[in-house]
Amino acid sequence: MDRKKITIVGAGNIGATLALLLARRETADITLIDINEGVAKGKALDIMEASPILGFNAHVHGTGDYAETAGSDVVIITAGFPRKPGMSRDDLLFKNFEVVKSVSEQIKKYSPDAFVIVVTNPLDAMTYTALKVTGFPKNKVMGMAGVLDSARFAYFISEKTGISVENINAFVIGGHGDDMVPLRKFTTVAGMPVTKFLSKEELEEVIQRTRFGGGEIVRLLKTGSAFYAPAASILEMVLAILWNKRKILSASVYLDGEAGEYYGASGLCVGVPIILGKEGVEEIIKLDLTDEEWADWRKSVESVKRLVEKLPL
Ligand code: APR
């Protein structure tokens with residue numbers, strides 16, 4: 001049986017880290033593609049040279065030619081530019097829109113049956129761009145942000161409580177931005193409410209740190225943004241699809257119709273709890289939120305909407 005084929009567009013920090021993580025799990029053969037062909041080829045070769053030591057059989061291949069990505073089962077879009085000092089969110093929006101648009105056209109041409117996972121920021125607007133440009137069904141296009149934001153939330157809870165990360169189940173929905181919505185009620189420690197272990201003030205502190213978790217890393221790195229946890233988060237989503245886990249996690253997906261009405265949002269992509277399996281987004285889970293969480297949710301959706309409305313689609 002042929003191995004599955006995964007394409008990672010963008011061989012930067014996230015793309016290359018993800019390629020190594022995926023290769024080590026022997027999930028699929030991987031094509032790394034970048035506008036800078038040498039970087040894609042060099043990093044792919046470097047990863048393959050680690051294979052005899054780490055003992056994996058998956059093949060990682062670098063290229064600058066989309067023809068070599070043909071027939072991919074999953075395509076991950078990490079191509080884009082980070083926000084630089086002096087650059088507004090709108091500047092980033094239009095620059096990365098052009099990148100994601102051109103990448104999506106190539107995906108449509110060469111891998112018409114692929115699942116697409118978008119990572120490029122601003123995440124929810126770029127997921128919407130990929131969905132519209134590929135024209136793929138809405139269960140096949142999703143953005144990775146909720147898994148990362150939830151992982152940060154979980155880690156900060158673990159750090160504050162001194163209890164193992166394995167016991168923490170944390171959940172963040174909404175847009176991938178400063179007004180994301182960490183859910184207090186659905187965040188538990190070994191199944192018990194997190195409020196049993198953290199005071200209200202401590203929990204609010206953790207929530208604030210989660211909201212600005214990306215910025216905290218940028219400030220420390222100075223010349224880039226987070227990549228280990230983002231790559232691990234994408235791995236989680238890829239495995240849920242390829243191994244048909246039907247895993248409940250938070251992802252940015254297209255809301256309309258029934259789910260849209262429930263969440264009071266439609267015609268855009270934003271982070272909600274989903275069941276992720278072999279059909280991609282198999283279900284959107286409806287939550288019973290508190291009044292405070294609903295207010296946060298609506299604010300977050302408005303921020304995403306403002307960006308999406310600016311897109312020349
Ligand atoms: N096609 C293919 N690759 C591209 C294109 C393009 N049109 N434009 C840029 N790239 C490549 C760059 O050459 C670079 O190798 O995308 C890669 C991005 O890598 P990094 O700058 O290291 O960014 P990374 O940290 O991996 O983050 C990727 O995710 O967090 C988001 O918005 C953030 O855009 C960033 C993306």
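Which helix holds Q106? Q106 is found in helix α3, residues 89–110. A helix here is a DSSP run of H or I with at least four residues, and a strand is a run of E with at least two, numbered from the N terminus.

A quick word on the model. It is predicted, so local features need pLDDT of at least 70, side-chain atom pairs count only at pLDDT 80 or more, and totals for chains, interfaces and linings use all residues. Residues are numbered from 1 along each chain as its sequence is written, and side-chain values use heavy atoms, leaving out hydrogens and water.

Back to Q106. Its relative accessible area is 26%. That makes Q106 partly exposed, because buried means under 20%, exposed means over 50%, and partly exposed lies in between, with a 1.4 Å probe and protein chains only. Leaving aside neighbours within four places in sequence, Q106 is in contact with Y66 and S111. Contact means heavy atoms within 4.5 Å. Then there is V133. Q106 and V133 are 27 residues apart in sequence, and 9.9 Å apart in space, C-alpha to C-alpha.

Next, H176. It sits in the loop between β8 (172–173) and β9 (181–182). An unreviewed UniProt entry annotates H176 as "active site". Positions follow the numbering used here, feature names are shortened, and such annotations may be inferred rather than shown by experiment. H176 is partly exposed too, at 24%. Not counting residues up to four places away in sequence, H176 touches N121, L123, D124, A145, L148 and D149.

Last stop, I53. This residue is in helix α2, residues 37–54. I53 is exposed, with a relative accessible area of 73%.
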